[in-house]
Amino acid sequence: MGPPPVVTGISPKEGPPGTRVTIRGEFLGVSVTDLIGLKICGCDCLLSAEWKSKNKIVARSGPCKGRGDIIVATRSGGEGTSTVQFRGYHESVGPMKESAVWVEEAAPPSLPWGRRPMSPTAYTPPDPLGLSTEGDDCKFPEEELHELFPDGSGKLSDENFQPGWYLLEHHSNTSYEDLKAGMVFLQRKVEGQKEGQLSFLKANTGAVMDQLDRLVLLKNMYEEDQRKNGREPLPSLQSAIEESISVADSLFSEILSRKENADKTREALSLLTRHKFLFQLPSSIDKNIRKKEFDLVVNDYTRAKNLFGNTDVKLFQKILAEIDKKIEELKENLHNRMKTMPINVQEQTKYIRLLISLNWEGDAAWTAILSRKDYLMSLMNKVKDHFKQKEEQEANEKGRRRARDGECDGPWGATRAAWCGAACGALAAELHALWPLARRYFAGELAGRPATPQRHTDLKEMIIAMVESFSEQMRSCLLSGGGAVGTASAEVLRARLVANLRHLRDAYESLLKLDLPSQPLSIVEKVIFDYRVHGMTVFLQRAHKRAKALVDKETWKIEEFSDYGAITNLPHTLEGHVGEALASINKCVLWCGRRERPLLADGGEPLAALQRHVQQTLLAFVAVLQELALRHDQDFNNTSLSVALDQRLDEALEAGEAGGRSWQQRLLIAGANAQYARRRTLANIAAAFDSYGLPEPTQAMQATREALSALESSIAETYLEHKGDPLVGTIEPSMYMGRHQADADAPVDDARPYVYEIVNNLIAVHAEVDSVCGAASSRYVRDICETVCEEIARLAACAPPAMNRAAAFQARLEYTLLRVAVAEHLTRKAENYLMEALAGLPPLENEEDKTRMDNIIQGFKKRMELQLASLNCNMETV
């Protein structure tokens, strides 16, 4: 933009309508096309304006009256100012006075017959007071004279002449003495004129007589003419004139026709020259449209409408009709350009303003908003269809390239990640264009129809519909397919989840910057929140799936010997799977972005889902242990217990390598794993929850502890069933082998073989359990000892009541020796069983029997010192 025009001088400073005014100043335009407006005293004079230079314009004044400014407007500088004023007035026009009136030159003027009146002269009468006005530079203001004498005039020849007006106008600075002298001069002049009439006649008596003679001669000539031509000479004169006219027409018809054609041509050329802007406007519109200079088209069209909009000239109306047709085509073109997407906001706003300037019938700004809304909806559908088709193509590819590359299927694939990024980018970009456009529309910055209250509601529903469409598409893209993650690694899952969350948060952040209403923002935030919950669920489900898969990955290879026995890698693997899931949750979804809800708020569904999935994972591990512990149908055989118990310890250990452990060993290892998981693994998992800032799943931990305790009891019962019951079943046959009856006179010096068999069997069981469970083996040995004591009590109760002294001593000795052998493994219940069996025997009668009993017991301890040491080693209670 250049500086605005400034008018500093005009010539002349006043005049009637049609006065040729020369306007001088600065910055009056750089070319003819740069001049777009000229007003003189409020009248538009642009049509008659002739641009000479940037400092000079020549124009004719309009039908203005009074004083006013000269305002020049240019395309480069805008509307200007004026430091001078022009005064317009109306005056009577005489026959010889120039007038700004269109004269039809083709029509011959009608001249009246008779004498022509003399033209008025420019004679100015002298001052009647005889005073000079040369020194009167300061004239009285004409506006005040009109106010003082509204119906008067200062001209001596006017009927409404007012002396006061004349004196104020011509003698406002004349002294009172001079006015008195002028009054005396005027009185003397009037008296002189009265006396001058008679003296004039006296001085010109000859001339007066001569005129009388002339009149008499004229009378005589008139009477003579009347005698010759009659009293009506006009018909003959008229015929003569008509005859002369006919002869003249015949002589000059060709010349006159050529003159008429020349006049018409000159008139047409003059018309074309004066109105060349209008005649050239159709081609100028086409040219500017091709050059996409639509602003020039609008300015030229507005100027033409202002100048010729109300014309009655048929030619002008025809041209205007052609121009209107081109403008209608331009409106349709601009409307199509405004709706054609993609288009930037600046260009679309330009088309809106052009349509409003051309008085387009519709609401251009609202149409643009609707077009952007429809474009965003269609763009979202195109993005969805494109990536759906791409997924189908990838699924149909030979060899499934994604599976070969280790990528995951479903919502965790690379295609879905690209889909999420494209949809988020489309939403953010289009809302960044639509929302500012809508705000400008409702603020009234886009001139046009005022926005109705219903439009506010429509816009809000429109924004909500677009955001809901985005939300549904993102849920279909990211949340469909459940927790299926294919063969993807944790790194790939985390990378895809973080990338998708970044896309969603970038879109959400862009919407926050637009200051949208809370409802559409909450929809997007809900998608982000649900996706975070989904990500957490996927990681936990992945841990659950991996925990269930441990049943096929157990090699029964001992990794360490802990306080709870021989431990395989199973508990550590579970701890690693859960820790990896918790680390992924902490790294990817636990962090809250701007204006996002905490993921694990108290009492929320995500926290309940976390507890539920952790509990499922831990209970799946318990189920794995249970299946591994009780899966022995194929390994179990019906080999007699004696054969199994006679195997040497080194052979058992050789058979117990990773791939060839017996089912009893696997059962004990599973029990050790269960106890280790209950005491150590669960504590480590709880510490992992705390280290990652996650609430501890107390309910899941408690349920898992209970399940592990139940599994340990089940394993102990199973082991007792398969190991203790056969051992107990051998007691009765061994005790009554050969129906041996104690001789009453035979001395009793040792226990029968079944006692030693029981001790040896317990040693074998203890060795097997201790090789796997270590210090935790006491539980299994105690349970078997309790079963043995119960069987002894049962057999003692079933013994015949008639028992001699030797048999009673023998039974008491055997029960006592058995009690001494398993003293370290006796529970209160087992102790009661033995005391019950001893209570059914008669007491020792003399000291000799007691001494003999003590000696036998001491001998038994000495002989069985190694066996008893093996049976009672590492018996620390856990």
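Analyst: H5 has a kink of about 65°, centred on Phe252; the bend at a residue is the angle between axes fitted to the seven residues ending there and the seven starting there. Helices here are DSSP runs (H or I, at least four residues), numbered from the N terminus. This is a predicted model, where local features need pLDDT of at least 70, side-chain atom pairs count only at pLDDT 80 or more, and totals for chains, interfaces and linings use all residues. Residues are numbered from 1 along each chain as its sequence is written, and side-chain values use heavy atoms, with hydrogens and water left out.

Now check the length of H5, residues 234–274: its end C-alpha atoms are only 47 Å apart, while a straight helix of 41 residues would span 60 Å at 1.5 Å a residue. That expected span is 1.5 Å times one less than the number of residues.

Compare H8 (residues 314–339): its 26 residues reach 37 Å from first C-alpha to last, close to the 38 Å expected. H8 also has buried residues, among them Phe316, Ile319, Lys326 and His335; buried means under 20% relative accessible area, with a 1.4 Å probe and protein chains only. And here H5 comes back: what covers those buried residues of H8 includes H5, along with H6 (276–290), H7 (294–308), H9 (345–357) and H10 (364–396). Covering goes by contact, meaning heavy atoms within 4.5 Å.

Conventions: Helix = DSSP H or I, 4+ residues; strand = E, 2+ residues; numbered from the N terminus. Buried < 20%, exposed > 50% of the residue type's maximum accessible area, 1.4 Å probe, protein only.
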